[in-house]
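I opened my notebook to keep track of what I looked up in this structure. Here are my entries, in the order I made them.

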Amino acid sequence: MSHRLRVMDVAPWAAAVLALFVFPRHLQLGTQILVMVLFVLSIDLLLGYAGIISLGHAAFFGLGAYCAGILSVRGIGDPLVGLAAAGALSGLAGLLCGLVVLRTRGLTLLMLTLGILLMLEEAANRAAWLTGGADGLQGMQVAPLLGLYEWDMFGRTAYLYSLAVAFIGFVFVRTLVHSPFGRSLAGIRENAVRMEAIGAPVRRRLVAAYGLAAMLAGIAGAVNAQAFQFVALNVLSFELSGAALIMLILGGAGRLYGAFIGAPLYMIASDTFAKLDPTYWLFWLGMLLIGIVMFRNRRAR
Amino acid sequence: METLAGILLNGVASAMILYIIAVGLSVTLGLMKFVNLAHCVFAMAGGYAAIWLLQKTGMPFALALAAAAILVALLSVPVERLLYSRLYGAGDLDQVLFTIGVIFVSIALARYFFGPSPVNIAIPDALRGQVDLGVQFPAYRLLVLAAGFMLFAFMWLAVEKTALGARLRAAVDNRRIAEAIGVRTDRLFTLTFALGCGLAALGGALGAEILPMRPTYPIEQLNYVLIVVSVGGLGTLHGPFIAALVLGIADTACKYYVPEFGAFFIFAAMIAILLWRPNGLFGRA
């Protein structure tokens, strides 16, 4: 695979900058999309490259969101400090979880990833003194970005901030998957036994990938918290994990640009249709999922 | 002492509902390695069907439950043949995505036909009262409890003592060898899938008094059912039974003694058990 600059590497970013001028009144949705792009990108690293299926990747998104949120409530309002702390905490948590859960496979792995998410969700729900519980985290005070840019009511700063973070995240992932490390992840995905046989430290690579994906997810969560100055319990939900997984599949896993197709498509569709009628939206989304899977597994009878 | 007995009885009653719903999934997973996250959809279908039958036809309660279970079991056959059977042997990811799709569609359908708010089942007046067992205990839950134990005994006999059960056990142990000696595992699977769905429907309907039906039921109950199955171990009957008992009692006790922690300890315990025994407490490696 060549890692020259392709159209698909540049086009989404050009579109994102253009959107700033074309849709100045939809920047909130734009910010949500960019956050999801980064989150889906982290799942792509995990699923598309390392081949690890997780039902609970939102655990790290939520951890990052609450980390940045709680810091800013407690008086540490600088967004970049919050971002770094959230990334470090989620990455560390990801490494720890990876060390533990990657010893298992199949259903048990799925259940463990889901279980960790459920446990965190319940913890955040019950620790209302810290997280605000079911009412969400109130009273975030995010300081101006770099001490210069106030968070304006149109969401321009938030949009540009999330754009910058998502872009850096993308460059990071793109560099990573074309590096020897990234290639060995793809090798493990294709055949772990052979990779072990040619001397690749399979377990260690997978744990590292899990930690990196968790770090990126935590950064996405932190941006989400800071841009909207609010953290609700749904950042730790199975629904978020599922939605992000669907976005990745819609866009295509293991291709990097999956996140740029899937996330905007899903978010804009859900924003448009769910407003009209959430029941129909859910019905057709389910039908689409069933259709995609059936299409992928069609066989000549 | 009385609270302890109350916790125990209530815990066992909810455990029985969990078990009846989950046992079909345990077999499905053990036999076909199919990650069916949509299993609780069939429980919801059973619950709504029983409620609808009771309202529209006014048939006796027991008959409505049985009819709902049979209806869902019959309905599951074409679903299995047309959709599920195409994904046997597909990757975990495809099975997960497909079953999430089924959950979404079922939520939308349930909301369309029955509305978004919870619907309660009308239990007969004769079962509304309390029974004195040293502690006051709702008669209906006592019935649920008895039904759970009876079903477990019945299934144990069916799996251990009948030819069909023997074939099923053979297919779970080693599907290819079972096929080689003439067991038609695809038919066997359609049958067990239908039975599992029927049981789930029965569990959903029986439990509708405690867990009212609402469109998001398949997602809400999914965690508990998956915990029962994965902790109990796949492809066994007694594994999920014991796991359901432990989970039901522990959940009721946690809600009573440490309500401020909610279900936190349940999830933590599940993670610990799965790390200690990745195949579940009674699963075979």
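I began with a helix pair: in α1(B), residues including Ile7(B), Leu8(B), Val12(B), Leu18(B) and Tyr19(B) meet a set in α10(B) that includes Phe241(B), Leu245(B), Ile249(B) and Tyr256(B). Contact here is C-beta atoms, placed from the backbone, within 7 Å; helices are DSSP runs of H or I, at least four residues, and strands runs of E, at least two, numbered from the N terminus. I sorted the residues of this contact into 16 nonpolar, six polar and one charged. Nonpolar covers Ala, Val, Leu, Ile, Met, Phe, Trp, Tyr, Cys and Pro, charged covers Asp, Glu, Lys and Arg, and the others, Gly among them, are polar.

I noted that this is a predicted model, where local features need pLDDT of at least 70 and side-chain atom pairs pLDDT 80 or more, while totals for chains, interfaces and linings use all residues. Residues are numbered from 1 along each chain as its sequence is written, with chains lettered from A and ligands numbered from 1 in the order written.

Next I looked up where the chains touch: 35 residues of chain B are in contact with 31 residues of chain A. On chain B's side, α4 (92-114), α9 (217-232) and α11 (264-276) each supply at least two residues, and α4(B) gives the most, with 15 residues. That side divides into 26 nonpolar, four polar and five charged residues.

Last, I turned to chain A and found 13 helices and zero strands. Its C-alpha atoms fill a box of roughly 55 × 40 × 40 Å along the principal axes.

Key:
Two residues are in contact if their C-beta atoms, placed from the backbone, lie within 7 Å.
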